[in-house]
Structures are given as structure tokens and as C-alpha cells.
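Good morning, colleagues. Please turn to the structure on the screen, and I shall take you through it.

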Amino acid sequence: MTTTTPGQEFETQDLMINMGPQHPATHGVFRMVLQVDGEIVRDLIPHIGYMHRGAEKLAETMDFRQGIGYMDRTEYLAQFNAELSYVMAVEKLAGLEVPERAQWIRMILCELNRLSSHFMFTGAFGTDIGVFGTAFVYSFRERETILDLFEEITGDRLMYAYFRPGGLAWEVTDNFERRVGEVLKSARQGIKDMDGLLTENEIFRARTQNIGIISAADAIDWGCTGPVLRASGVPLDLRKTEPYLRYAEVDFDVPVGQVGDTYDRWLVRIEEMRQSVRIIEQCMAKLQPGPIMPERMPRMLRTPPGEVYLRTEAPRGEFGVYMVSKGGNRPHRLKVRSSCFANLQALKDMAIGSYVADAVAILGSLDIVLCEVDR
Amino acid sequence: MKGLLRSMGVTLSAFMRKPVTREFPETHRELPERDRAFPLLLWDFEQTEPFCTGCHACERACPVECMTVLMKDNPNHKSAGGDSTRRKIIDKFWIDYGRCMRCNICVEVCNFDAIAMNNTWSGHEMSVYDRADLVQDLPQLLSESRGGELKAWRAP
């Protein structure tokens, strides 16, 4: 007599399903092929490159001012941070001294950009988890106030092209201090809202806690940076470990997670937003009138031959620019070290063994910008 | 349960706030002075001709090569019996708005303050059915400034 357990009479086969590139949960055009056993992800094959525009190669045909516009389009949620890496690399090559006022304004704008980028994350992540609408419109309301300020200063809502090698393109508006105060007030309220809306919400916690855990060692091995790495408990923040601009003169904490799961990545970003507000307040107190460009800037900037790698802490991690110059007014080679690309590599490790719905949550918690991954 | 109630509290408090949205096509918000839409040419009302002399500076500096500039001798110049101080003047000018990436570099490099970014709503609401219609020629580029509606902003 043979006995069979119910459900074991037939052989089961893993199923390959395709997700993306046109999928609302993939944050752009990212395609992943999932090998699923029922609801469990057994394997994940990521496909990138749908958004490849050759921005690095294009920047090699541009002089140093023209290339700034391409950096905006590389990282379209943290444009100031992307511009900063590029112009700082040029400044390092050319040996330019940036006036103090320009440095403070750059810091304020970069931190505001971090706020707007993290607001985007809180909204989009809520949508990924299934809080459709509410979190998204709340965080977009706060993001709008920041974008309004950027528009008043630079003239554009997204593609600012405002930093220049040596300083800034033009002076900020006269009511800059008052406007930043207003924006910070609404941002504080927005952080409180997002925190109250989701952080303690039982459904949200059930969907995020102990999902997509990555250990500190694995995260370092994969090259993760930014909030993804810090959520695993590694306190690496380039603003602290190798301060650029004036970050050494301001006081802020680096939040780290303990478990390294999706929930920790959320907590780290919420806390980072509070720290950004703190940094901006200190910057505003130290902002003094003065020049925003060095005296005697050449009409066309030329750099001596050399190579330089410069990295800054963008909202998604280390945004590095490797630039080779053979002299002249344009880079001979430009390579962007994308934080999202490195963070995305860890997705496979995190997602295998989880449910399909959790794979979406994990991808959302990495907060990728596909334009930066593909460049 | 406590967390859920807190979430509900946040949502309820949003009822009390003023709405931030606007019924867009009917009502427009006021654009900031520095708003950058697309580049336009400026009209010199004193000498009744464009400021642009067709020097190709913007064309050379444009990262996406969206401009085409042709220059001619100014028929209105003093040497020709006119009263203009410009020896050369713009003959034909095209900007392909479909290619322009609104980086403001053309405005920065202009030696004659002849080009400026459109900071009115007409620069934002310009959808067309054919991409070729986005290529603007000289009369189209000048019309906004000639009508006197454009108050161009210049970096201080």
C-alpha cells in the first residue's frame, strides 16, 4: 500500500514570471525576472539598461559648464548633489578655491535636496507597501514647497544647472533666509506627518519588519552605501568620515539601523531628514554676505592634465565622479559611480526567499533612480 | 491599534488644512521672476530691431546644438544711410524647442543681452501635434518681446 500526502502527488515546477519594465512598482524602467515557487521568490534576475543614454560619454564632448546639465539628468531626484560631485571634481582638477558663501549655499541646497528626495522616497515607498495615495500626496505636498523654493532661486523645478565650477551661477533671492525658514517649517511638519502616518502603523510594520534583511558584512561586500548601508548598522557617512564643503563645522548625527531590514531603511531615512533640517538651521546661522564666485574666473575654464575621483554623500549614497583630463576645456573621460547601481546589486540577496509582494517592498526600500543606474 | 489610530489622526488633521492644489488649466499660479522656460530673442525698441547681431556665441555654447544662426550686414546701419549702430544683424534664427534643455547657458554667454529665458506661462503651455512645429523661427522668437509682455530676468 502506498501513502501519499495531500498536495504531494504531483511534481511542482518553478514558474518564471516577468516584472517590468513597465511596472508601477519598479520606479522607472527596471525589469526583473522572478523564478517563483508559489508565492516564494526562488531566484531573481535583474535587467537594467532601458534608460541608458550614454550621459558619461556625452559629457566628454561637453565643456565643464555644459556638462552640468547632464549631471542633473543623471540623478533627477537629487540634482544638486549630483551637480556638486561634478563641479567639485572640476574644482579639484583646476585647483579652484570656492568662496565661503557659495559653500554654505551649496550645503543648504544639497540638504534641502536631500529632504525633497527623501520625501519622494516616503511617498513612493508607501505606495509600494500598499498605502496608496495618502502617503504619496502628503509627502508630495511637502516636496512641492521645497521645489517652489528651488524654482525661485534657480528658475527651474527639476533641472537646476545652478552650481558652477568655482561657485554658483547667480546670487540667491533677497528673501532667501525667510523662504528657507518657511520651507523648513513645512518640512518639519511633513516629517512629523510621515512619521505619524506610517512608522508605528501596525499594518506597515507587518509588511516591512524582518523583510529583506542584509547583514553589515554583506552590505559592505555588495558596495552598498548611504541609507541602505547605514540601516545595516555601519555608520559610514561621507559627510562625517571625509567632510567636504563645510560639513566639519556643523553638528549632526548619523542614524544607523540595527536589523538591516526594510523597516530600518525607512527609519534611517526619516531620521536623516530630521538631521538635514538641523544642518540647514546651522548653515543659515553661519551664512554671511560675500562673493559667490572666485575673482578672475576665466571665460572658458581649462584644467591641467590629471585625474581625480571625488565622492559626496548624495541621498542614495556615495555619488562619485571620476574625471580624467588631458588638459583643455572638457574631460577626457568621465565615469559616474552610481550609488543606486551598487545598492541594486544587493537586491538579489535580499529578495530570494521572500514573497513576491515583499520583493516589491524591498525594491522600494532601496530607493533607486533608474536614470542613475543606467546613466 | 495605537499606531493605526495615530495614522488616522494625521489624516484627520489634513482635513483642517488649506488645500494646496489648484485647478490647473483654469487657474495659473504666479511664476517666479527667474522662471526658465525656453529662450527667446529680445527686441530693441529704441532702434526698432532685434538686439541680436548673429555672433554665433550662443550657437557655439549650446550643449544640445538646438540653435541655428545666420548673420547679415545691417541694411539700417549708419554706413548704409540708416540710424542703427549695429554693423551686423541677425538674418535667420531657429531654435528647436524639442531639443533645448533649458540650461540657461545661451543667456550667460550672450554679449549683447539679446537672448533671455521666457518667464511667462506662454513658455510652458506650448504642446503641438507635430515635433517640427517646435522649431521656432525669428519672428516667433521675437514676438513675445516685441509685444512688450516679456520682462526678462538677468542674473545680477
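I begin with strand 5 of chain B, residues 88-96, which runs antiparallel to strand 7 of chain B and is joined to strand 7 by two bridges. Please bear in mind throughout that this is a predicted model. The bridge partner of Ile95(B) in strand 7 of chain B is Gln136(B). Asp96(B), for its part, has Val135(B) of strand 7 as its bridge partner.

What joins strand 4 of chain B to strand 5 of chain B? Seven bridges do, and these two strands again run antiparallel. Within that pairing, Val69(B) stands opposite Phe93(B) of strand 5. Taken together, the three strands of chain B form an open sheet in the order 4-5-7, with antiparallel pairing. Strand 4, residues 67-73, and strand 7, residues 135-136, are the edge strands of chain B; each has a single partner strand, so one side of each is left without a neighbour in the sheet.

Helix 4 of chain B, residues 138-146, lies across strand 5 and strand 7 of chain B, and its direction is at about 95° to strand 5.

Let me now turn to chain A. Here, too, we find an open sheet of three strands, in the order 6-7-8, and the pairing is antiparallel. Its edges are strand 6, residues 306-314, and strand 8, residues 333-337, of chain A; because each has a single partner strand, one side of each is left without a neighbour in the sheet. On average, neighbouring strands of this sheet are turned by 10° against each other, direction ignored.

Strand 7 of chain A, residues 317-325, is joined to strand 8 of chain A by five bridges, and the two run antiparallel. In this pairing Met323(A) stands opposite Leu334(A) of strand 8. Which strands of chain A does helix 3 of chain A touch? Helix 3, residues 79-94, packs on the sheet and touches strand 6, strand 7 and strand 8, its direction making about 150° with that of strand 6.

I come finally to the interface. On the chain B side 33 residues are in contact with 36 residues of chain A. The two chains bury about 2,800 Å² between them, of which 46% lies on carbon and sulfur atoms. Three arginines deserve mention: Arg6(B), Arg34(B) and Arg36(B) supply 23% of the area that chain B buries against chain A, more than any other three residues.

How many salt bridges does the rule find across the interface of chain B and chain A? There are seven. Arg36(B) also meets Asp156(A) through their side chains in a salt bridge, at 3.9 Å from N to O.

On the side of chain B that touches chain A, helix 1 (2-16), helix 2 (57-61) and helix 3 (105-109) of chain B each supply at least two residues. Helix 1 of chain B gives the largest share, eight residues.

Technical notes. Residues are numbered from 1 along each chain as its sequence is written. Chains are lettered from A and ligands numbered from 1 in the order in which they are written. This is a predicted model: local features need pLDDT of at least 70, side-chain atom pairs count only at pLDDT 80 or more; totals for chains, interfaces and linings use all residues. Side-chain values use heavy atoms; hydrogens and water are left out. Contact means heavy atoms within 4.5 Å. Buried area is the accessible area (1.4 Å probe) that two parts lose on being put together, summed over both. A salt bridge is a side-chain nitrogen of Lys or Arg within 4 Å of a carboxyl oxygen of Asp or Glu. Helices (H or I, at least four residues) and strands (E, at least two) are DSSP runs, numbered from the N terminus. Two strands pair if DSSP finds at least two bridges between them. Axes are lines fitted to C-alpha atoms, for helices over the stretch in contact, and angles run from 0 to 180 degrees between N-to-C directions.
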